[in-house]
Amino acid sequence: MEDFEFECWRCLETNVIQGRPKGFWSTTHYELPGEFECWACGALNTTPDD
């Protein structure tokens, strides 16, 4: 697992999202959830595609 940081669009608070490797051998490609809920304000955010 690798941690990625994203800012909330509403409150600009930093959220840490855990990404899973896309294969058991991969250390450079991670799969992130398409959406996450901000821990501070509860707003629904989307993760970037790239």
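A residue is called buried when its relative accessible area is under 20%, exposed when that area is over 50%, and partly exposed in between (1.4 Å probe, protein chains only). The model discussed here is predicted, so local features need pLDDT of at least 70 and side-chain atom pairs count only at pLDDT 80 or more, while totals for chains, interfaces and linings use all residues. Residues are numbered from 1 along each chain as its sequence is written, and side-chain values use heavy atoms, with hydrogens and water left out.

T47 is found in the segment after β5 (44-46); strands such as this are DSSP runs of E of at least two residues, numbered from the N terminus. With a relative accessibility of 9%, T47 counts as buried. Leaving aside neighbours within four places in sequence, T47 is in contact (heavy atoms within 4.5 Å) with F6, L32, P33, G34 and F36. A polar atom of the T47 side chain lies 2.6 Å from the backbone oxygen of P33.

The structure also holds two aromatic pairs, that is, rings of Phe, Tyr and Trp (its six-membered ring) with centres within 6.5 Å, counted as stacked for planes under 30 degrees apart, edge-to-face over 60 and tilted for the rest. One of them joins F4 and Y30 edge-to-face, at 5.7 Å centre to centre and 65 degrees between the planes. Because F4 lies in strand β1 (residues 2-7) and Y30 in strand β3 (residues 30-31), this pair ties together parts that are 26 residues apart in sequence.

Finally, the structure holds zero disulfides, a disulfide being a pair of cysteine sulfur atoms within 2.5 Å. For C8, the nearest cysteine sulfur, that of C41, is 3.7 Å away.

Methods
Helix = DSSP H or I, 4+ residues; strand = E, 2+ residues; numbered from the N terminus. Polar contact = N/O pair within 3.5 Å; in protein donor to acceptor, adjacent residues only side chain to side chain.
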